[in-house]
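Biologist: Can you show me the model? I have a few quick questions about it.

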Amino acid sequence: MDDRIALDELVFIRKVIEDSKRSVVENGIGYIFWGILVFVGLMSEYLGIVFQLPTKSVWTWVVLIGFGWSYTIIANIKKHRKKPVRTFAGQILISVWISAGIAMTILGFVATTSGMIRGSAVSPLISIVLGVAYFVSGIVYDSKWVKLLSAGWWISGIGMFYIHSVHQILVMAFMMMFLQVIPGFVFYFNSKKEVRQSHD
Amino acid sequence: MNEKIAMDELQFIKKIIEDSKASIVYNGKDYIVWGSLVTLGLLLDYSAYVFKLNINFILFWSVIIGLGWIFSFFSYKKRKIECTPKTFAGKILGGVWLATGTAMTIVGFIGIPSGAVPGQSVSAVLSIFLGMAFMIAGFIHNETWMKYLSLGWWIGAVYMFYFPGIHTIFVMALMLLCFQVIPGTYFYQKYKKEVKKNHE
């Protein structure tokens, strides 16, 4: 191996490492999108119960979650076409959020329709699932504040286990706003800054 | 930069990659110990129901889960003393199981006593969390069969939700054996082979 080839190899390896680092900069859109979607669902369920509206909450959720999954699948296909090379960290993040999505879908639809889990247990269980997802994501991003969000989800999950009234839905809606949508915006602005910096 | 420095750099990078690969050769002991402990707990739980034994279930499971956590703690300490290099993949894997363990402990020790999660659906709920962990771990180990194990956990959870009863304790014990202890043994054998190869 001569000097030039060795240097080319090093430049290539460095580029791969830098690309890998850049691609794990989260743009936060997924967090914002899902957070708002679930917030809308929770608020419509809460208002439906409080004002005794004749809406079927199951169908609201089927439409919202169905829309969420369709959007996520299409967005990921598009992203994959644009950038077919996936980094290890990127793959792990996809697996974290897909598995969390499947876990939450089973809890929300299968567990409740089977009658084995009461509606009031769904929000705390979903909070605990989100705690796992945020903890692992925090390690992947190497970000302490993302890891701390998991503590927020777990503590709110524990609290919601003891709230047996309709107001639990409202608590979950606010958690969704504070621990998902707002962090999503933080990711979004950070990624904008990162893109601007890499263009300079 | 002359040829020697470039070669040194390349060798250093190669070594890091190889170290990273070697330390992700997982010994599977956690899978075997946790899987066996919980299987044993479930079988004793089942016997207590059948023979109508007067057992304090909270205390009983506290001992089982406590033993598991003590094992995990000491095995973490041992790895630290042995100065096993901490790779990115290893860190994520540790995080996945720490988060899943925390989540399952919350469900078992807070969800059930709070009355939100009925005792008979706890196996199904925990299967959902295990499915999540196995899917992420499958991506980390880059083992397709492991990703399929998560499907096994989720299908098992759906089955237990729709067909509840005392037999679900057996189903859960069987799933632990097939989807956790056996894969753990596979990892252990693979690890032994790898260690032997390194010594040769």
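Predicted model: local features only at pLDDT ≥ 70, side-chain atom pairs only at ≥ 80, totals over all residues.

Biologist: Which residue just after H2(B) takes a positive phi?
Modeller: That's B:Lys52, with a phi of about 50°. Residues are numbered from 1 along each chain as its sequence is written, with chains lettered from A and ligands numbered from 1 in the order in which they are written.

Biologist: Okay, and how many residues does H2(B) have?
Modeller: It has 22, running over residues 29-50. From its first C-alpha to its last it reaches 31 Å, close to the 32 Å expected at 1.5 Å a residue. The expected span is 1.5 Å times one less than the number of residues.

Biologist: Which residues of H2(B) are buried?
Modeller: B:Asp30, B:Tyr31, B:Trp34, B:Gly35, B:Val38, B:Gly41, B:Leu42 and B:Asp45. Buried means 20 or more other C-beta atoms within 10 Å of the residue's own, exposed means 12 or fewer, and partly exposed is in between, with C-beta atoms placed from the backbone.

Biologist: Where do they sit around the helix?
Modeller: Down the axis of H2(B), they fall within an arc of 130°, so they line one face. The arc is that of the directions from the helix axis to the C-beta atoms. An α-helix has 3.6 residues a turn, so residues three or four places apart point the same way. On the other side of H2(B), B:Ser47 and B:Val50 are exposed.

Biologist: What does the buried face pack against?
Modeller: Helices H3 (57-81), H4 (88-111) and H7 (167-199) of chain B. For the whole chain, 33% of the 200 residues count as buried.

Biologist: Switching to chain A. How many helices and strands there?
Modeller: Seven helices and zero strands. Chain B also comes to seven helices and zero strands. In chain A, 32% of the 200 residues count as buried.

Biologist: Is H5(A) mostly covered or mostly open?
Modeller: Mostly covered, as 19 of its 23 residues are buried. H5(A) reaches 33 Å from first C-alpha to last, close to the 33 Å expected. Just after H5(A) comes A:Asp142, with a positive phi of about 55°.

Biologist: How do H4(A) and H5(A) cross?
Modeller: Their axes come within 10 Å and cross at roughly 175°. Axes are lines fitted to C-alpha atoms, for helices over the stretch in contact, and angles run from 0 to 180 degrees between N-to-C directions. H4(A) and H5(A) are therefore roughly antiparallel. The cut-offs are under 35 degrees for roughly parallel, over 145 for roughly antiparallel, 65 to 115 for roughly perpendicular, and oblique for the rest.

Biologist: Which classes of residue make that contact?
Modeller: The contact of H4(A) with H5(A) has 18 nonpolar, four polar and no charged residues. Ala, Val, Leu, Ile, Met, Phe, Trp, Tyr, Cys and Pro count as nonpolar, Asp, Glu, Lys and Arg as charged, and the others, Gly among them, as polar. Two residues are in contact if their C-beta atoms, placed from the backbone, lie within 7 Å.

Biologist: And what about H6(A) and H7(A), how do they cross?
Modeller: At roughly 180°, with axes that come within 11 Å. H6(A) and H7(A) are therefore roughly antiparallel too. The residues that meet include A:Trp153 in H6(A) and A:Met172 in H7(A). By class, that contact has eight nonpolar, three polar and no charged residues.

Biologist: Why does A:Lys192 count as exposed?
Modeller: Because it has 12 C-beta neighbours inside 10 Å. A:Lys192 lies in helix H7 of chain A. A:Lys192 and A:Glu26 are 166 residues apart in sequence and 9.9 Å apart in space, C-alpha to C-alpha.

Biologist: Last topic, the two chains. How many residues does each give to the contact?
Modeller: Chain A gives 39 and chain B gives 42. On chain A's side, H1 (3-23), H4 (88-113), H5 (119-141) and H6 (144-161) each supply at least two residues. H4(A) gives the most, with twelve. That side of chain A divides into 28 nonpolar, eight polar and three charged residues.

Note on methods: Helix = DSSP H or I, 4+ residues; strand = E, 2+ residues; numbered from the N terminus.
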